[in-house]
Amino acid sequence: MQMCKKLSGLLFLFLVFISCHTEEPVVPDNSRTVLVYFVADYNLSRFVDDDIDQIKEGLESNNIQGKVVLFIQKPGIKQLVALDKGNDGKITENILHEYGKDLNSLSVEGMSSVFKEVFGTYPADKYALFLWGHGDGWLPKTQTRWIGNDGISSMDISELKEVLNKSPYFDFIFFDDCFMQSIEVAYELRKYTDYIFGCPLETPGPGAPYQLLMGSVFEPAPNIGKIVNDYYAYYAGNEARINDNWPYGAAISVIKCDELEKLAAATKELINNHVSSSDISLVSSSSVQKYDTRTNKAYFDLRDFVTKFTDADVRTAWENQLNKTVPYKASTPSCYSVYIHTTFPIKEFSGVSVYIPEATYTNWNAYYRTYEWYKASGWDKVMEAQNR
């Protein structure tokens, strides 16, 4: 009997030992896994290493509870990298996976496989996503856009939705890409995240000042106001001029996704009850604050456009809802456009863009009708009026 007790005790200790070494890793309370998805197999690749250094600087200077993982695609490289903090407080890069040429990082299958590996390896209470690269908002994809490009591949918003459908819910999605802060994009992605950060026009080449953002990103509830203010202050002040040689200004905003359906309803009510189709059709896009200096004119300031066909007394409720939907926004008085190689004035800034239909853009107009914003907001009436 005594021998049995001893054997039972040893068996118990053995089982405890085994269980301690096979159980799933414990995730700390309020931890967050952040994926930064660099797609830079093109002319922006020179900025990637600087942005990675900024992320590491931000992690080293803050007491971070969570994990940052980088997907890095640049010429000759496709890899997944974890940023780990050592006992000395320094951040090291540890390669988790080297990908071959067969991975298309901008296909639904390719991006989904990366997301699955990241969030499966580092499960957390909360998640956040930075998408880094070229962008072109709601427009149908071409060889170099939406986010592009991986060789000749790109991804449109409907494909991104497929990826997000298979992914964890995000505290926020940060578009470090041009033109992504459009009402059409935000409304399409509203069910996958609490907040969307982005720029409704072209973003600075050096990208977000990550060294200033990491502390706010890892607060239990991301400090959305500070993220916007720190981004703006960096480009409005001297830091970008000195450190990034970027004296051209910038714009940034955050959209609160649970307010988007209320904004759509307020927009539809405004259009249906207070606006005639002739009021809308008489608005010239040349009179509205443009965010896009190309001839295709895809992005205009949402508030400025609405003010052109409504009276102030009927749009008060709509403007109040817009301010709830876009709680923080900031722009310098002018911003740079690579298409004209100079800056252009930003006199009106609601923080979000909208498409003004043009009768000659038949392919665009057909594609635009696939977006949920089109009907939810009553924008079908706008398009009908503008296309007469």
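Strand 2 pairs with strand 3 (residues 77–85) in the antiparallel sense over 7 bridges, where pairing asks for at least two DSSP bridges between two strands. Strands here are DSSP E runs of at least two residues, numbered from the N terminus. Please keep in mind that this is a predicted model, with local features needing pLDDT of at least 70, side-chain atom pairs counting only at pLDDT 80 or more, and totals for chains, interfaces and linings using all residues. Residues are numbered from 1 along each chain as its sequence is written, and side-chain values use heavy atoms, leaving out hydrogens and water.

**Strands and hairpins**
- Val 69 has Ala 82 of strand 3 as its bridge partner.
- The hairpin of strands 2 and 3 has 2 residues between them, and Gly 76 in the turn shows a positive phi of about 85°.
- Strand 3 also runs antiparallel to strand 4 (residues 91–98), joined by 7 bridges.
- Gln 79 finds its bridge partner, Glu 98, in strand 4.
- Strands 3 and 4 form a hairpin with 5 residues between them, and Gly 89 in that turn has a positive phi of about 85°.

**Lys 74**
- Lys 74 lies in strand 2 (residues 66–74).
- Lys 74 is buried, at a relative accessible area of 16%, since buried means under 20% (1.4 Å probe, protein chains only).
- Leaving aside residues up to four places away in sequence, Lys 74 touches Ala 40, Asp 41, Ser 45 and Asp 49, with contact meaning heavy atoms within 4.5 Å.

Key: Helices (H or I, at least four residues) and strands (E, at least two) are DSSP runs, numbered from the N terminus. Buried means under 20% relative accessible area, exposed over 50%, partly exposed in between (1.4 Å probe, protein chains only).
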